[in-house]
Amino acid sequence: SRDTAPPALPSTPCQFHAAPPIVVSGSLTPTTFRQLRQVAEHPRFRDRMEWILPQPAQLLGREPLAEAQAHVRQAVREGKGVVIASATDADRYEHTLQVAAEFGLRRESVATLVQRALVELCEPLLGDPRRNWVLCGGDTASSVCHALGSRTLSMRGEAAPHVPFSCDEAGRAIVTKSGNFGDALTLGNVLMYLEEHSQPHPASA
């Protein structure tokens with residue numbers, strides 16, 4: 001049989017960088033909603049994370065995302081972390097579905113449009129190797145990794161119990177969390193782990 005080449009190793013060391021994290025959530029589970037609320041209310045993160053919550057028409061590609069992208073850039077300039085989320089509760093997502101129906105969009109197309117919008121909101125940060133990424137939900141993780149050009153993820157440990165952090169070919173640290181996994185504190189614990197284990201990026205050392 002033919003030998004199979006091993007996965008490509010990162011070209012730069014994989015580590016959590018000192019820059020604040022980027023959280024991207026397309027998960028629609030009650031579990032992730034609870035985790036997002038806990039982070040929003042936590043005194044450690046309350047004033048250190050910028051929340052980007054697009055309007056339904058933006059998520060559905062019917063209104064531009066340029067203003068929201070500008071908010072992402074501004075937050076990064078101010079040294080804040082960023083949370084980009086399609087919804088933080090079930091009512092918000094139901095509203096998106098109602099708006100989709102008003103636009104004549106089929107319900108089954110909504111998820112694809114939402115993932116596309118989340119990736120578009122990440123565009124100002126995709127080329128920055130100093131970012132730590134926390135991706136909530138399988139479809140979101142797949143979409144963002146594709147946009148990052150991350151073809152191979154090499155697991156390096158856990159940022160919280162059963163929440164893996166991995167490294168891609170460029171040395172980016174990427175945490176992936178299943179949308180329905182964990183308790184209310186899991187996402188906050190991941191963010192604290194990143195803070196406690198971060199190091200300066202070689203390019204800025």
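## Strands β2 and β5

Val24 stands opposite Leu135 of β5. The two strands involved, β2 (residues 22–25) and β5 (residues 133–136), pair in the parallel sense over four bridges; two strands count as paired if DSSP finds at least two bridges between them. Strands (E, at least two residues) and helices (H or I, at least four) are DSSP runs, numbered from the N terminus.

The model is predicted: local features need pLDDT of at least 70, side-chain atom pairs count only at pLDDT 80 or more, and totals for chains, interfaces and linings use all residues. Residues are numbered from 1 along each chain as its sequence is written, and side-chain values use heavy atoms, with hydrogens and water left out.

## The sheet

β2 and β5 belong to an open sheet of seven strands with mixed pairing, in the order β3-β4-β2-β5-β8-β7-β6. Its edges are β3 (49–52) and β6 (154–160), each of which pairs on one side only. On average, neighbouring strands of this sheet are turned by 20° against each other, direction ignored.

Helix α6 (residues 138–148) packs on the sheet and touches β2, β5 and β8 (173–177); contact means heavy atoms within 4.5 Å. The direction of α6 makes about 145° with that of β5. Axes are lines fitted to C-alpha atoms, for helices over the stretch in contact, and angles run from 0 to 180 degrees between N-to-C directions.

β6 and β7 run antiparallel and are joined by five bridges. Ser154 has Cys167 in β7 as its bridge partner. The β6 and β7 hairpin has two residues between the strands, and His162 there takes a positive phi near 65°.

β7 also pairs with β8, in the antiparallel sense over three bridges, and Ser166 stands opposite Ile174 in β8. Five residues lie between the strands in the hairpin of β7 and β8, where Gly171 takes a positive phi near 85°. Strand β7 (residues 163–167) is mostly covered, with four of its five residues buried. Buried means under 20% relative accessible area, exposed over 50% and partly exposed in between (1.4 Å probe, protein chains only).

## Helices α5 and α6

The axes of α6 and helix α5 (residues 107–122) come within 10 Å and cross at roughly 45°. The two helices are therefore oblique to each other: angles under 35 degrees count as roughly parallel, over 145 as roughly antiparallel, 65 to 115 as roughly perpendicular and the rest as oblique. The crossing of α5 and α6 is right-handed, a term used if the near helix is turned clockwise from the far one by less than a right angle, with anticlockwise giving left-handed.

From α5, Gln115, Leu118, Val119 and Cys122 meet Asp139, Thr140, Ser143, Val144 and Ala147 of α6. By class, this contact has five nonpolar, three polar and one charged residues. Ala, Val, Leu, Ile, Met, Phe, Trp, Tyr, Cys and Pro count as nonpolar, Asp, Glu, Lys and Arg as charged, and the others, Gly among them, as polar.

## Thr96

Thr96 lies in helix α4 (residues 90–102). Thr96 is buried, with a relative accessible area of 1%. Leaving out residues up to four places away in sequence, Thr96 touches Pro56, Leu59, Leu60 and Val110.

## Totals

The protein has seven helices and nine strands. Of its 205 residues, 48% are buried. Among contacts between residues at least 6 apart in sequence, 74% join residues at least 24 apart.
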